[in-house]
Amino acid sequence: MSDTDLGAMDAGQLRALFESGKASPLEATRAALERIERFNEAVNAYVLVDREGAETAAEASNKRWQQGRPLSAIDGIPVSLKDLTESVGLPARKGSLTVSDAPCERDSPPARMLREAGAVILGKTNTPEFGWKAITDNRVFGATANPWDTRLTPGGSSGGAAVAAALNMGVLHQGGDSGGSIRIPASFTGVFGFKPTFGWVPEWPRSKEATLSHLGPLTRTVEDAVRMLNVMGRYDYRDPYALRGQPADWGEELGQGIEGMRIAFSPTLGYARVEPEVAECVRQAAHRLEALGAVVEEVDPGFESPIRIFNTLWFTASLAVYREHSERQRRLLDSGLVADAKRAERLSALDMFYALRDRARLTESLEHFNQRYHLVMTPSVAVRPFPLHHDVPPGSGMRDWEEWAPFSYPFNLSQQPAASIPCGFTPDGLPVGFQLAGGKHDDARVLRVSQAYLEAYPPTFPERPNQV
């Protein structure tokens, strides 16, 4: 395979080569490791690379393919795990100076399922401390940089996974999303990110605000996301919120086209302010979906900004984290996380009651809206990527990340499936993504429309980190 770059391939291409014997999982793994060695210093996507473990797993996969007995469609495919995810033999620092670097003694459901499917775990990707914010930096490993311009943030909290996907440092990348943490970095880096219906991809141990957290893939293609979901999108009893009912094949609707699909295009959700360059790119994507046969109507779902609802839950989760640490440990925590915790100290039980009541009303409103429209389309993020080491765009007057990412967390509150699909670039060459969200359990439909769009308008990926 000397004339073929295995490191640039997707999981489908690699599987075909494994089946034919023209390439092996060990060769694919070494190609992925070589890309990490070339690119990671510039972007800091990986915080741990397990070369020895990866090569050992790849050698075992080699034998299974040679015997014609692969464990799954992703046997031998290089994958990464977010550093919030526990995996036996690897530490999970969670971006925190308060967490031990001792190897984990248990597998989270995604790690177990991927390992049992024969996937080759390359290592762990960067995240902010406990995944609390929508950029990716921490006091343990530093900041992850955007491959399109390394002076800028890739977003977060799954920023390391998104950057690894953009540069194909591995093929399949596991992220987590409690308020946009898959979709925000997917948009900022120009890759595909998918947040499944809540409970369909099990999580354990659960995050502090367990009812907001969804696990899902960040990949270059929808087909690769489906391959990953077909493995880790299965019931696990350890997750108290886990649900059954996932499709036997998450990609069961791929290739069916989108003729007649009713899509509600909401450029602002009725309340958000969007940078003009972002808005124009997303509007063009709406026209493209219409050209592909969808019925696109510009209409808002009709709810007010749910930022108060979300922040009541989010800040209270930060307070729970803060209270569980000793006074000495608290001095080691991210100052922004601590500030959120202090704000939650002013909240009452009645504030939480009203937040939960209003969350239910929001969910009801969106589910009713989805009876008229198959999908809701919005920008993924309201702004372009901005400089590193800032929680909000400098000079914006904003205080919280939720202000510049107003489109993502409503669909965590509603627990509905949502994806970020790359749709082009701003005039200064920065990626833009649009969001598609569906009713609960309409995951296959979201994936179907995402795939149709990307098949018609293939994305562009960076050849290497752009160090300006």
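Rings of Phe, Tyr and Trp, the last taken by its six-membered ring, pair if their centres lie within 6.5 Å. In this predicted model, ring pairs link F310, W314, W401 and Y409 into a cluster. The count by this rule comes to 16 aromatic pairs. In one of them, the ring centres of F188 and W404 are 5.8 Å apart and the planes lie at 10°, so the pair is stacked. The two residues come from distant parts of the chain, F188 from helix 6 (residues 183-189) and W404 from helix 13 (residues 401-404), 216 residues apart. F188 is buried, at 1% relative accessible area. W404 is buried too, at 0%.

F310 and W401 form an edge-to-face pair, with 5.8 Å between centres and 80° between planes. F310 belongs to helix 9 (residues 307-323) and W401 to helix 13, so this pair ties together parts 91 residues apart in sequence. Both residues are buried.

The charged end of R220 sits over the ring of F461, 4.3 Å from its centre. R330 places its charged end over the ring of Y322, 4.3 Å from the centre.

Strand 7 (residues 192-195) is buried on both sides: F192 and F194 point one way, G193 and K195 the other. Strand 7 pairs with strand 8 (residues 214-219) in the antiparallel sense over two bridges. There, F192 has T219 as its bridge partner. Three bridges join strand 7 to strand 12 (residues 418-425), also antiparallel. G193 is bridged to S420 of strand 12.

F353 lies in helix 12 (residues 349-372). Its relative accessible area is 52%, so F353 counts as exposed.

Conventions. Residues numbered from 1 in each chain as written. Predicted model: local features only at pLDDT ≥ 70, side-chain atom pairs only at ≥ 80, totals over all residues. Heavy atoms only, no water. Buried < 20%, exposed > 50% of the residue type's maximum accessible area, 1.4 Å probe, protein only. Helix = DSSP H or I, 4+ residues; strand = E, 2+ residues; numbered from the N terminus. Pairing = 2+ DSSP bridges. Phe/Tyr/Trp six-rings, centres within 6.5 Å; stacked < 30°, edge-to-face > 60°. Lys NZ or Arg CZ within 6 Å of the ring centre and 35° of its normal.
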